Amino acid sequence: MGKKKRLNARFMRNLEGTLFIAPWLIGFIVFLGFPLVFSLYMSFHSVKILPTRMSYEFVGLKYYREILFGSSAFYDELIPFFQEVVIMIPVILIFSLLIAILLNQKLRGRFLFRGIFFLPVIFTTGYVLTEFVNQGEGSLGFLERFALGSYLDAFLGDSSWAKPVKEVLNRFVLVLWYSGVQILIFLAGRQTISVSAYESARIDGASPWEVFWKITLPAMSPFILLNLIYTVVDMFTFPFNPIISLIGKGNYGYNSSLAWIYFLVIIVFLSLVLWIYSRLNRNQRASRA
């Protein structure tokens, strides 16, 4: 009898959980799941729009071979943007972490400052962000032209990284504006660290630099991972992403193939980043032990 009651209670909990996620699950299947499957189907077909219907002619891997081996257009856009992303991700994470630590201090108007750092995420999106760049906003201005410009030219020269670095500088302020969500996550993570840990460290004579490396940074490790994943995905959907602009220049089958190839590139890059992060985190724990 008691076992039957436990089974009934477990069934009711599972049923409640299923009912709670049912709206999201239905929405995912209808608005995302079906389009994804249909897009994969179209990537293997030549799609033609007729007056009364859509025609599908199976072409197999034709579009995939054309994108990967038949033309360099995909690589010409992907490689420079990939280099920009490699530069922007550490900049955003380091900047967000430092600002979150500063905003966690007990200072006057800290709620106002937190809002100031988050508001650009709301306002500078889509067309607004594009107009900012078209009007010459978002760059370092004087610092870029007279201070960093000469040093970059001397240091990078004609290397393949010169152009991506300059592109990041041209949109440097906008990149920092895109750090609002990361700052919010780091701020929440910083507030999970017990105050007693810092008090014990100060009693033991630890310097602020030692406190940061021995307490703050290890405790923020899960939030760094979360922000790393978010930033990677966010950068690959950046409004100035040249790959997204390529999608739409061919037919439906070609566009679907390009979108799926780009999706796989994101998955591979994200897996590589997570692998590197896990190795660094493992080595850090081993060195502390």
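Predicted model: local features only at pLDDT ≥ 70, side-chain atom pairs only at ≥ 80, totals over all residues.
Biologist: Let's start with S43. Is S43 buried or exposed?

Modeller: S43 sits in the loop between helix 1 (2-42) and strand 1 (45-49). Anything under 20% relative accessible area counts as buried. S43 has a relative accessible area of 0%, so the answer is buried.

Biologist: Which residues does S43 touch, leaving out those up to four places away in sequence?

Modeller: One stretch to look at is around V59, which is 16 residues from S43 along the chain, with 8.8 Å between the two C-alpha atoms. The contacts of S43 itself include G60.

Biologist: On to N104. What is the relative accessibility of N104, and does that make it buried or exposed?

Modeller: N104 is another loop residue, lying between helix 3 (73-103) and helix 4 (110-123). The cut-off for buried is under 20%. N104 therefore counts as buried, at 15%.

Biologist: And which residues is N104 in contact with, setting aside neighbours within four places in sequence?

Modeller: Helix 4 spans 110-123, and the partners of N104 include R110 and R114. Helix 9 covers residues 180-190, and L187 and R190 are also among the partners.

Biologist: How do helix 3 and helix 9 pack: roughly parallel, roughly perpendicular or oblique?

Modeller: Their axes are 8 Å apart, at an angle of about 50 degrees. Under 35 degrees would be roughly parallel, and roughly perpendicular runs from 65 to 115. That is why helix 3 is, relative to helix 9, oblique.

Biologist: What is the handedness of that crossing, left-handed or right-handed?

Modeller: The two helices in question are helix 3 and helix 9, with axes 8 Å apart. Their crossing is right-handed.

Biologist: How many nonpolar, polar and charged residues make up the contact of helix 3 with helix 9?

Modeller: From helix 3 come I92, L93, F95, S96, L97, I99, A100 and L103, and they meet Q182, I183, F186 and L187 of helix 9. Sorted by type, the contact has 10 nonpolar, two polar and no charged.

Conventions: Residues numbered from 1 in each chain as written. Heavy atoms only, no water. Helix = DSSP H or I, 4+ residues; strand = E, 2+ residues; numbered from the N terminus. Buried < 20%, exposed > 50% of the residue type's maximum accessible area, 1.4 Å probe, protein only. Contact = heavy atoms within 4.5 Å. Axes fitted to C-alpha atoms, helices over the stretch in contact; angles between N-to-C directions. Parallel < 35°, antiparallel > 145°, perpendicular 65-115°, else oblique. Left-handed = near helix turned anticlockwise from the far one by under 90°. Nonpolar A, V, L, I, M, F, W, Y, C, P; charged D, E, K, R; others polar.
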